[in-house]
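Reader: I would like to learn how to read a protein model. Please go through it with me one feature at a time.

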Amino acid sequence: MPAVISDPLFYLAAIPAVFLMGLAKGGFAGLGLIAIPLLALVVSPVKAAALMLPILILQDMVSTWAYRRDFDFRNLAIMLPGSVIGIFLGWLMAAHVSDDMVKLGVGVISIAFVIVYWRRRNVVGDPVPGKTFAGVFWGIIAGFTSFVAHAGGPPFQVHVMPQRLPPQTYVGTSTWFFTITNLAKVLPYFLLGQFSSENLGTSFALFPLALVATLAGVWLVRRIEASRFYTLIYALTFIVGVKLLWDSAPALF
């Protein structure tokens with residue numbers, strides 16, 4: 001039997017984190033942002049991200065099959081090269097900064113995304129075609145934040161949402177982008193020594209929940225109006241982000 005984390009507090013954070021990430025992979029884009037901040041309350045941010053990576057890859061397999069025909073090739077071709085650059089920069093940073101600095105960054109990302117969401121939630125207008133330079137830039141930011149905290153959703157949305165793609169195409173494009181991005185993170189996480197037997201054993205133990213949550217997301221996204229659910233999750237994301245800032249600031253300043 002592989003080793004697993006035995007601390008009950010870890011699972012109080014991990015179970016809702018994995019469930020929300022599954023719903024995000026199933027189509028509720030944005031819900032997964034809270035996963036790493038939640039886990040970072042009980043383990044280091046880098047360890048939290050490493051624990052989630054095998055789970056994300058499993059969830060990606062389900063969601064890419066569900067959206068295998070729904071994606072925008074041009075956005076992928078522009079943003080994925082930038083994502084690889086961002087992953088490399090994230091690997092360099094993770095090897096040379098403290099857990100408190102990473103925790104601070106995760107907190108800032110969480111709070112910034114909620115603020116941007118609330119500012120834009122009622123904005124309407126004509127579709128804006130995505131430009132190549134902007135796509136590469138936001139691809140770099142998405143790859144970097146995805147590596148640090150699996151939080152590449154906000155920069156991806158900044159570039160793609162103004163294009164007002166059909167909902168299925170938007171979700172499918174996001175799914176394929178992060179499937180390839182997550183696979184590209186495997187080697188850097190291995191080089192950081194984060195795939196210990198305990199981390200992998202814990203990830204495997206959470207696989208059944210991850211699978212059920214992803215299938216639930218695929219089913220629910222086509223059947224319910226989720227605005228109230230999003231409001232609750234974004235409020236929780238903001239609160240967790242503030243908590244991470246509060247915890248990390250004294251050590252840094």
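Reader: How many helices and how many strands does the secondary structure of the chain come to?

Author: Helices (H or I, at least four residues) and strands (E, at least two) are DSSP runs, numbered from the N terminus. In this chain the secondary structure comes to 12 helices and zero strands. Before going on, note that this is a predicted model, in which local features need pLDDT of at least 70 and side-chain atom pairs count only at pLDDT 80 or more, while totals for chains, interfaces and linings use all residues. Residues are numbered from 1 along each chain as its sequence is written, and side-chain values use heavy atoms, with hydrogens and water left out.

Reader: What percentage of the residues in the chain is buried?

Author: Buried means under 20% relative accessible area, exposed over 50%, and partly exposed in between (1.4 Å probe, protein chains only). Here, buried residues make up 49% of the 253 residues in the chain.

Reader: Which residues touch the most other members of the largest nonpolar core?

Author: A nonpolar core is a set of buried Ala, Val, Leu, Ile, Met, Phe, Trp, Tyr and Cys residues joined through side-chain atoms within 4.5 Å. The largest one has 35 residues, and those touching the most other members are Phe10, Val18, Leu39, Met52, Ile55, Val106 and Ala149. Two or more residues each come from α1 (8-26), α2 (35-39), α3 (45-66), α5 (99-120), α6 (132-149) and α12 (227-252). The largest share, eight residues, comes from α1. Apart from this core lies another, of 12 residues, including Met79, Ala142, Phe156 and Val171.

Reader: What does Met52 touch?

Author: Contact means heavy atoms within 4.5 Å. Not counting residues up to four places away in sequence, Met52 touches Val18, Met21, Ile36, Leu39 and His150. For the chain, among contacts between residues at least 6 apart in sequence, 88% join residues at least 24 apart.

Reader: At what angle do α3 and α11 pack?

Author: Axes are lines fitted to C-alpha atoms, for helices over the stretch in contact, and angles run from 0 to 180 degrees between N-to-C directions. The angle between α3 and helix α11 (residues 207-220) is about 30 degrees, with their axes 9 Å apart. That makes α3 roughly parallel to α11, since angles under 35 degrees count as roughly parallel, over 145 as roughly antiparallel, 65 to 115 as roughly perpendicular and the rest as oblique. Among the residues that meet are Ile55, Leu58 and Val62 in α3, and Phe207, Leu211 and Leu215 in α11.

Reader: Which handedness does the crossing of α3 and α11 have, left or right?

Author: A crossing is left-handed if the near helix is turned anticlockwise from the far one by less than a right angle, and right-handed if clockwise. The crossing of α3 and α11 is right-handed. By contrast, the crossing of α3 and α8 is left-handed. The axes of α3 and helix α8 (residues 167-184) come within 9 Å and cross at roughly 145 degrees.

Reader: Is Asp60 buried or exposed?

Author: Asp60 lies in helix α3 and counts as buried, because its relative accessibility is 2%. Leaving out residues up to four places away in sequence, Asp60 touches Lys25, Phe178, Thr179 and Asn182.

Reader: Where is Asp72 found?

Author: Asp72 is in the loop between α3 and α4 (73-94). At 23% relative accessibility, Asp72 counts as partly exposed. Its contacts, leaving aside neighbours within four places in sequence, are Leu165, Thr169 and Thr173.
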